[in-house]
Amino acid sequence: LGYPFHVRLEERTVLSMAFLMPPPGSHGSPYLPQLALLHQDVRGFQHVSSHGIDVRGRRLVHGGHPAGGVSRSAGRFGGGGGDAGQRPAGMPGEGDRLRKRMVDGGSASIVAVPPRDNGSNGGGGTADKGSAADLLGGVLILGQRQITYHSTAESDNTRILPTGDSMILSCDMLDGGIAGSASQLKDGEDASVAARYLLGDDAGRVHLLSVLRSPPSGDVSGLHLETLGYASLSSTINHLGNGLVYVGSQFGQSQLLRILDAPSPSGTVSGGRTDDRRGRGTGLEDTTYLSLVEEHDNLGPIVDFDLRPVGDAPASSPGGPGGRGAGRARQSVA
């Protein structure tokens, strides 16, 4: 690893960051590494933009404008193109750079979407447009009422998926497909899956989000969301492989879950607790794709504490948010 260096961001309040992904199976890119930012301005509006990281020059290239003169890495990246005189070397053109203003006001994070590979282009679109799409990919903006896909190379290619009253709290990209009917597309859907993500929302639901591409162009054509089941209110979610998912929770029991090949009758994956949104409109009132493998106790957040002055004086502490709270009794043994 090289020496760390500090850079200054123009954005006032940064909410989330993600590096755009390189092309599948690539060994490099003509562009500088692109850092996507979700940020909020002084008026409360949220925007998404991207900057280049000039590692050799040890600086940030702000939105396509060099910070402090010509990049010292110009010889490596070779600007080229008709607008090379107006932008630093190694940065995408004005129309290909990620920039989206005034996104969903409740947006909490952004997630990178891998670009299409060269084989999926199929000659669709112009050569310049296809080349940029192959190198830059896109991002998912996880909002309070919707999930939005925005392409870096096709500014008009935006796909919106309403999520109702759900807020996405955690997300993890699947390195590979998962078995089971929950991961399959609907019958008759003429599209290929570009990427899959596991999502956890504020109702304790676990979703599988698929980003779909339409042949032969390889452009993203839509987003498909399927609810797998219910778990603890997730602070983080991680796919461990072989159908295993770990749900880490600050407000309930952390759980190790298994994604089933077929739906099974609903059990006590979420510890038997209820929520007024559980199962509503998801088809999961009686079935689930999740099976509880292991559960880890969590006492937090403790909202009160009391010591009974009788007997062996056990300590009683209620904790947890909303309807997922629980009371615990603890006793110290000398």
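What percentage of the 334 residues of the chain count as buried? The figure is 46%, where buried means under 20% relative accessible area with a 1.4 Å probe, counting protein chains only. This is a predicted model, in which local features need pLDDT of at least 70, side-chain atom pairs count only at pLDDT 80 or more, and totals for chains, interfaces and linings use all residues. Residues are numbered from 1 along each chain as its sequence is written, and side-chain values use heavy atoms, leaving out hydrogens and water.

**Overall make-up**
- The chain holds two helices and 20 strands, taken as DSSP runs (H or I, at least four residues, for helices; E, at least two, for strands).
- Among contacts (heavy atoms within 4.5 Å) between residues at least 6 apart in sequence, 56% join residues at least 24 apart.

**Nonpolar cores**
- A nonpolar core here is a set of buried Ala, Val, Leu, Ile, Met, Phe, Trp, Tyr and Cys residues joined through side-chain atoms within 4.5 Å.
- The largest one has 15 residues, and L140, I147, Y197, L209, V211 and L223 touch the most other members.
- Elements giving it two or more residues include β7 (138-142), β11 (192-201) and β13 (219-230), and β11 supplies the largest share, three residues.
- Another core, of 13 residues, lies apart from it, with I237, V247, L257 and L290 among its members.

**An open sheet**
- Four antiparallel strands line up as β14-β15-β16-β17, with pairing requiring at least two DSSP bridges.
- At the edges, β14 (236-241) and β17 (287-296) each pair on one side only.
- Five bridges join β14 to β15 (residues 244-248), and N238 stands opposite Y246 in β15.

Definitions and conventions
Buried means under 20% relative accessible area, exposed over 50%, partly exposed in between (1.4 Å probe, protein chains only).
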